[in-house]
Amino acid sequence: MDVLLHLFVGLHIIGIASLLGGFLTQMPALKQGTARFNKAMLHGALTMLVTGVALVGLNQAQDYSVDNIKIGVKLAVLLVILGIVYVKRDEEKAEKPLFLTVGALTVANIFIAVLWT
């Protein structure tokens, strides 16, 4: 069961890398006003959602402690990110404040995961 847990942790990290990497690759375009929400960001957020739910389930199945408040905050932040990216995914240009909000929330979610103990 631990191997499965570690597999989902790895997939969760790949999801956050895709979301953050998709954001960072658009930063030069943001200066030109042509940044957009790309598929890497959408798929990364979806991967994080699926693997995050699986991780909570696997941890609870093994009677490991799960901080439900932390998980709830991370889920809420991720759902905001996912909602923005999903709704705006087909637009040619992303509004700068909205695009930066997604980046800031992504980084915030990383720090919540790492620093909240």
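Me: Is the crossing of helix 1 and helix 5 left-handed or right-handed?
Reply: Left-handed. Bear in mind that this is a predicted model.

Me: At roughly what angle do the axes cross?
Reply: Roughly 145°. The axes of helix 1 (residues 2–25) and helix 5 (residues 96–115) come within 10 Å.

Me: Which residues in helix 1 meet helix 5?
Reply: I16, L19, L20 and F23. In helix 5 they meet F99, L100, G103, T106, V107 and I110. Eight residues of this contact are nonpolar, two are polar and none is charged.

Me: New topic. How many residues are in the largest nonpolar core?
Reply: It has 20. L19, F37 and F99 are among those with the most contacts inside this core. Helix 4 gives the most to the core, with six residues.

Me: How many aromatic pairs are there in the whole structure?
Reply: Two. In one of them, F23 and F99 have ring centres 4.9 Å apart. Their planes are at 25°, under the 30 degrees cut-off, so the pair is stacked.

Me: Is F99 buried or exposed?
Reply: Buried, because its relative accessibility is 0% and the cut-off is under 20%. F23, at 9%, also counts as buried.

Me: And what about F37 and F99?
Reply: They form a tilted aromatic pair, 5.2 Å centre to centre, with 45° between the planes. F37 sits in the loop between helix 2 and helix 3. Ring pairs link F23, F37 and F99 into a cluster.

Definitions and conventions:
Residues are numbered from 1 along each chain as its sequence is written. This is a predicted model: local features need pLDDT of at least 70, side-chain atom pairs count only at pLDDT 80 or more; totals for chains, interfaces and linings use all residues. Side-chain values use heavy atoms; hydrogens and water are left out. Axes are lines fitted to C-alpha atoms, for helices over the stretch in contact, and angles run from 0 to 180 degrees between N-to-C directions. Helices (H or I, at least four residues) and strands (E, at least two) are DSSP runs, numbered from the N terminus. A crossing is left-handed if the near helix is turned anticlockwise from the far one by less than a right angle, and right-handed if clockwise. Contact means heavy atoms within 4.5 Å. Ala, Val, Leu, Ile, Met, Phe, Trp, Tyr, Cys and Pro count as nonpolar, Asp, Glu, Lys and Arg as charged, and the others, Gly among them, as polar. A nonpolar core is a set of buried Ala, Val, Leu, Ile, Met, Phe, Trp, Tyr and Cys residues joined through side-chain atoms within 4.5 Å. Buried means under 20% relative accessible area, exposed over 50%, partly exposed in between (1.4 Å probe, protein chains only). Rings of Phe, Tyr and Trp (its six-membered ring) pair if their centres lie within 6.5 Å; planes under 30 degrees apart count as stacked, over 60 as edge-to-face and the rest as tilted.
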